[in-house]
Amino acid sequence: MIRFLRADEVEKLLPLSAQVNALHEAQHPEQYRGDSTPEEVTGFFVERMAEGARIFVAEEQDGALTGFLLAVPVERAASPFLHPARHLELDQICVDKTYRGRGVGKALVAAMEAWMRDNDFREWKSMVHGFNKHSQNLMTRQGADVFGLRYRKVLG
């Protein structure tokens, strides 16, 4: 079942959030922290929800979470170079490692897209690291295109 997470349930995200953060921290320890407290992590999600973000969760009948998706609305004002724009940023997605390959990620994206249609969003975007093949595959299987490339250089 896919549903919205309530602010009073944010602690349920901690094990999944730890999984996704560990993957990123292993690849980029200079950027991603592994020392965040549970209070900092739950505070992050509560703040995003207060700012209008939606957290979609996939759960078993017993209430155990098998995945989550953090979707953040983004509105950009017009500039001399860009038209105004409105989209949803797929900021985080995690499927519990024991549930991968069972359609959980696909169901989370489908639920987000259904919500988007009901709320007049026409586009979603997501930034995925080059090492994260699971997310890359999920995005392309859901019909997303590579929109741009992001480069980085660390001076030694």
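This is a predicted model: local features need pLDDT of at least 70, side-chain atom pairs count only at pLDDT 80 or more; totals for chains, interfaces and linings use all residues.

Me: What makes the pair of tryptophan 115 and phenylalanine 121 stacked?

Reply: A pair of aromatic rings is described by the distance of the centres and the angle of the planes. To pair, the centres must lie within 6.5 Å, and planes under 30 degrees apart count as stacked. Here the centres are 5.6 Å apart and the planes are at 25°, so tryptophan 115 and phenylalanine 121 are a stacked pair.

Me: Which arginine lies over the face of phenylalanine 121?

Reply: That's arginine 86, at 3.8 Å from the ring centre. The distance limit for a charge over a ring is 6 Å, and arginine 86 meets it with its 3.8 Å.

Me: How many aromatic pairs are there?

Reply: The count comes to 4 aromatic pairs. One of them joins phenylalanine 4 and phenylalanine 56.

Me: Why is the pair of phenylalanine 4 and phenylalanine 56 called tilted?

Reply: Stacked needs planes under 30 degrees apart, edge-to-face needs over 60, and the rest are tilted. The angle for phenylalanine 4 and phenylalanine 56 is 50°, with 4.9 Å centre to centre, so the pair is tilted. In the chain these two are 52 residues apart, with phenylalanine 4 in strand 1 and phenylalanine 56 in strand 2.

Me: What sits over the ring of phenylalanine 4?

Reply: The charged end of arginine 54 does, 4.8 Å from the ring centre.

Me: Which residues do ring pairs link into a cluster?

Reply: Phe44, Phe45 and Phe68.

Me: What makes up the largest nonpolar core?

Reply: The core has 18 residues, and among those with the most contacts inside it are Leu69, Leu88, Val109 and Trp124. Strand 2, strand 3, strand 4, helix 3 and helix 4 each give two or more residues. Helix 3 gives the most, with 6 residues.

Me: Which residues are closest to the centre of the largest pocket?

Reply: The largest pocket holds about 1,000 Å³ of space. It is lined by 28 residues, and Ser126, Met127, Val128, Val146 and Gly148 are the closest to its centre. By class, the lining has 10 nonpolar, 10 polar and 8 charged residues. Helix 4 supplies the largest share of that lining, 3 residues.

Me: And which element gives the largest share to the lining of the second largest pocket?

Reply: That would be helix 1, with 8 residues. The second largest pocket has about 810 Å³ of space. Its lining counts 31 residues, with Val20, Asn21, His24, Tyr32 and Gln92 closest to the centre. By class, the lining of the second largest pocket has 14 nonpolar, 11 polar and 6 charged residues.

Terms used: Residues are numbered from 1 along each chain as its sequence is written. Side-chain values use heavy atoms; hydrogens and water are left out. On a 1 Å grid over the protein atoms alone, a cavity is a set of points where a 1.4 Å probe fits but cannot get out, and a pocket is an open set with protein on both sides within 12 Å along at least five of seven lines; lining residues have an atom within 4 Å of a point. Grid points are joined across faces, edges and corners, and a volume is the space filled by probe spheres set on the points. Helices (H or I, at least four residues) and strands (E, at least two) are DSSP runs, numbered from the N terminus. Ala, Val, Leu, Ile, Met, Phe, Trp, Tyr, Cys and Pro count as nonpolar, Asp, Glu, Lys and Arg as charged, and the others, Gly among them, as polar. Rings of Phe, Tyr and Trp (its six-membered ring) pair if their centres lie within 6.5 Å; planes under 30 degrees apart count as stacked, over 60 as edge-to-face and the rest as tilted. A charge sits over a ring if NZ of Lys or CZ of Arg is within 6 Å of the ring centre and within 35 degrees of the ring normal. A nonpolar core is a set of buried Ala, Val, Leu, Ile, Met, Phe, Trp, Tyr and Cys residues joined through side-chain atoms within 4.5 Å. Buried means under 20% relative accessible area, exposed over 50%, partly exposed in between (1.4 Å probe, protein chains only).
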